[in-house]
Amino acid sequence: MEPDTDDLDTGSPNAASSLTIELMTVALDEARAAVDHDDVPVGAVIVHDGVVIARRHNERELTGDPVAHAEVLALRDAAAVLGQWRLDDCTMYVTLEPCVMCAGAMVNARLGRVVFGATDPKAGGVVSHFGVLGGAPLNHAVAVESGALADQCGQILRDFFRAKRR
């Protein structure tokens with residue numbers, strides 16, 4: 001489901017660390033790459049031991065794959081790099097609050113932490129609705145930080161959908 005860009009909550013900027021800003025900038029670069037093939041501009045980066053091990057963007061339009069969200073693709077790539085499905089020592093940086101599907105994939109991958117930019121009041125599965133990453137009744141909780149470069153993350157989505165409406 002695509003975000004209702006008029007309702008994206010970019011909130012007030014968090015006091016994000018320079019590392020968070022750097023990695024969210026990489027995620028924004030990935031989001032911009034999605035526009036090249038008319039996909040919703042969402043980008044994700046996964047870090048392990050201070051090293052970027054995966055960086056992806058939405059590819060649903062490009063591949064025709066309904067689950068080719070940036071987060072799912074990045075989780076797959078990170079697992080391949082590490083040679084295991086458990087990503088408990090990893091952090092994902094993603095430009096938009098994950099949907100329920102992506103949040104569920106994070107739980108199943110035992111992701112350690114997720115940092116996201118803009119919230120998605122329409123379809124967000126982390127803080128806007130459902131609280132999928134909060135643990136109970138699920139068997140794993142993922143630490144969450146929201147609002148990193150939220151204005152920039154929300155703006156790229158608003159620009160994309162504004163152009164689509166023209």
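1. Two strands count as paired if DSSP finds at least two bridges between them. On that basis, this predicted model holds an open sheet of five strands. The order is β2-β1-β3-β4-β5, and the pairing is mixed. The edges are β2 and β5 (143–146), each pairing on one side only. Neighbouring strands are turned by 15 degrees against each other on average, direction ignored.

2. Take one pairing in detail. β1 and β3 run antiparallel to each other, over five bridges. Val47 has Thr91, in β3, as its bridge partner.

3. Two helices lie across this set of strands. α5 lies across β3 and β4, and its angle to β4 is about 60 degrees.

4. Next, the nonpolar core. The largest one has 44 residues. Those with the most contacts inside this core are Ile46, Leu75, Met92, Met106, Leu111, Val114 and Leu133. Elements that each supply at least two of its residues include α1, β1 (43–48), β2 (51–57), α3 (70–82), β3 (90–96), α4, β4 (113–118) and α5 (150–165). The largest share, six residues, comes from α1.

5. Not counting residues up to four places away in sequence, Val114 touches Met92, Val94, Met106, Leu133, Val142, Ala143, Val144 and Glu145. Of these, Met92, Met106 and Leu133 are also listed among the residues with the most contacts inside the core.

6. Glu30 sits in helix α1 (residues 18–35). Is Glu30 buried or exposed? Its relative accessible area is 10%, so Glu30 is buried, the limit being under 20%. The Glu30 side chain makes a polar contact of 2.9 Å with the side chain of Arg55. Leaving aside neighbours within four places in sequence, Glu30 is in contact with Gly43, Ala44, Arg55, Arg56 and His57.

7. Met101 belongs to helix α4 (residues 100–108). Met101 has a relative accessible area of 33%, so this residue is partly exposed: the value falls between the 20% and 50% limits. Beyond neighbours within four places in sequence, Met101 is in contact with Pro66, Val67, His69 and Val72.

8. One distance for reference. Met101 and Thr25 are 76 residues apart along the chain, and their C-alpha atoms are separated by 24 Å.

Notes. Residues are numbered from 1 along each chain as its sequence is written. This is a predicted model: local features need pLDDT of at least 70, side-chain atom pairs count only at pLDDT 80 or more; totals for chains, interfaces and linings use all residues. Side-chain values use heavy atoms; hydrogens and water are left out. Helices (H or I, at least four residues) and strands (E, at least two) are DSSP runs, numbered from the N terminus. Buried means under 20% relative accessible area, exposed over 50%, partly exposed in between (1.4 Å probe, protein chains only). A polar contact is a pair of N or O atoms within 3.5 Å; within protein, one must be able to donate a hydrogen and the other to accept it, and residues adjacent in sequence count only if both atoms are side-chain atoms. Contact means heavy atoms within 4.5 Å. A nonpolar core is a set of buried Ala, Val, Leu, Ile, Met, Phe, Trp, Tyr and Cys residues joined through side-chain atoms within 4.5 Å. Axes are lines fitted to C-alpha atoms, for helices over the stretch in contact, and angles run from 0 to 180 degrees between N-to-C directions.
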